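Subject: A structure for you to look at

Hello,

Here is the structure I promised to pass on. Please open it first, and then read my notes below.

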Amino acid sequence: MSGRVTVFGSVNLDLIAHVRHLPNPGETVTGGSFLSAPGGKGANQALAAARAGANTALLGAVGSDTFAEQALPLLKEAGVDLAGLLRLETPTGTALILVEQSGENLIAVASGANYALSLGALDGFKPSSGTVLLSQLEMDLAVTAVVLARAKAAGAMVMLNLAPFRSEAADFLSEADVLLLNQGEAQALAPCLGLTAQSENHLCASISEATGSDVVITLGAMGLVAQIDGCPFALPSVEVTAIDTVGAGDAFCGFLAAHVARHGRVDEAGLRLAAAAGALTCTRQGAQTAIPTRLEVMALLG
Ligand code: ADP
């Protein structure tokens with residue numbers, strides 16, 4: 001493998017207000033505090049792959065606005081290749097996030113440039129064999145399906161994180177060599193494949209059989225189960241004191257993609273590395289700021 005990861009995915013600016021309680025429809029809650037942070041699953045996972053040491057490119061779109069400038073600094077700092085990140089006249093994707101004291105939240109995403117990116121704009125996308133193409137479900141799904149198909153036809157290794165879950169994705173799962181899901185996404189996918197409710201262990205094997213892909217289901221603090229080359233595998237999580245689990249899945253996907261880019265396949269070492277990256281992310285606040293470096297993950301694994 002070339003060691004190169006291309007992420008096709010979203011870039012958002014997260015606008016976060018911490019409030020005493022979440023407002024009901026029509027209600028205004030004052031006295032909150034505000035912060036903004038770079039986000040979007042595509043950007044988070046590209047950053048994780050770069051911090052894991054992979055030569056990483058991000059393919060996607062932002063607006064020609066100041067939000068784009070605020071969304072990109074950590075990607076630039078990590079050396080992510082942004083030549084394939086188009087500047088459109090549509091606003092940069094924005095996630096409006098309200099968090100109340102209990103930790104409960106409300107999120108609305110204005111997808112903006114992420115959804116405005118058309119196939120025509122991707123004519124220059126020439127995937128090459130021996131690279132890893134990693135994507136999620138935060139872009140237009142018709143465009144995502146074509147990007148995945150082009151990458152697969154070119155001989156790239158295609159990894160698809162089914163987050164946030166959208167049932168229409170069931171139509172193009174066969175383009176993926178590796179499916180990455182959390183517990184909720186796996187349970188939501190099951191009926192789309194005609195599968196009945198079952199434990200994650202069995203679900204992993206059933207999804208793999210139905211799609212022909214390797215499957216990894218992450219289980220938060222419970223670790224993960226996987227079905228690789230037809231063989232079941234389970235791994236407990238690394239024990240940490242979790243203070244904020246935002247971004248754990250993104251760190252996991254980015255680190256696993258970087259490992260696959262180097263070694264050509266999902267294997268136990270890659271799953272251990274990705275799980276440790278997810279665990280470390282839970283020990284820090286935020287999404288992109290919490291994603292660890294390869295050195296930090298190696299230190300945790302001893
Ligand atoms: P998502 O963020 O997509 O919901 P998960 O919560 O399943 O994904 O987390 C992804 C991975 O991160 C898990 O498989 C696990 O290895 C690690 N992880 C998540 N939460 C914890 C936790 N509380 N303690 C240790 N590791 C965790």
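In which hand does helix 1 cross helix 8? Helix 1 passes helix 8 in a right-handed crossing, a term used when the near helix is turned clockwise from the far one by less than a right angle, with anticlockwise being left-handed.

Before the rest, a word on the model: it is predicted, so local features need pLDDT of at least 70 and side-chain atom pairs count only at pLDDT 80 or more, while totals for chains, interfaces and linings use all residues. Residues are numbered from 1 along each chain as its sequence is written, and side-chain values use heavy atoms, leaving out hydrogens and water. Helices (H or I, at least four residues) and strands (E, at least two) are DSSP runs, numbered from the N terminus.

**The helix pair**

Helix 1 covers residues 41–51 and helix 8 covers residues 248–263; they pack at an angle of about 50 degrees, with their axes 7 Å apart. That angle makes helix 1 oblique to helix 8 (under 35 degrees is roughly parallel, over 145 roughly antiparallel, 65 to 115 roughly perpendicular, and the rest oblique). Axes here are lines fitted to C-alpha atoms over the stretch in contact, and angles run from 0 to 180 degrees between N-to-C directions.

On the helix 1 side, Lys41, Asn44, Gln45, Ala48, Ala49 and Arg51 meet Asp250, Ala251, Cys253, Gly254, Phe255 and Ala258 of helix 8, where contact means heavy atoms within 4.5 Å. By class, this contact has six nonpolar, three polar and three charged residues.

Helix 1 is mostly covered, with 10 of its 11 residues buried (buried is under 20% relative accessible area, exposed over 50%, partly exposed in between, with a 1.4 Å probe and protein chains only). Just after helix 1, Gly53 takes a positive phi of about 105 degrees.

**A loop serine**

Ser10 sits in the loop between strand 1 (4–8) and strand 2 (12–19). Ser10 counts as buried because its relative accessibility is 1%.

**The cysteines**

The structure holds zero disulfides (pairs of cysteine sulfur atoms within 2.5 Å).

Best wishes

Technical notes: Ala, Val, Leu, Ile, Met, Phe, Trp, Tyr, Cys and Pro count as nonpolar, Asp, Glu, Lys and Arg as charged, and the others, Gly among them, as polar.
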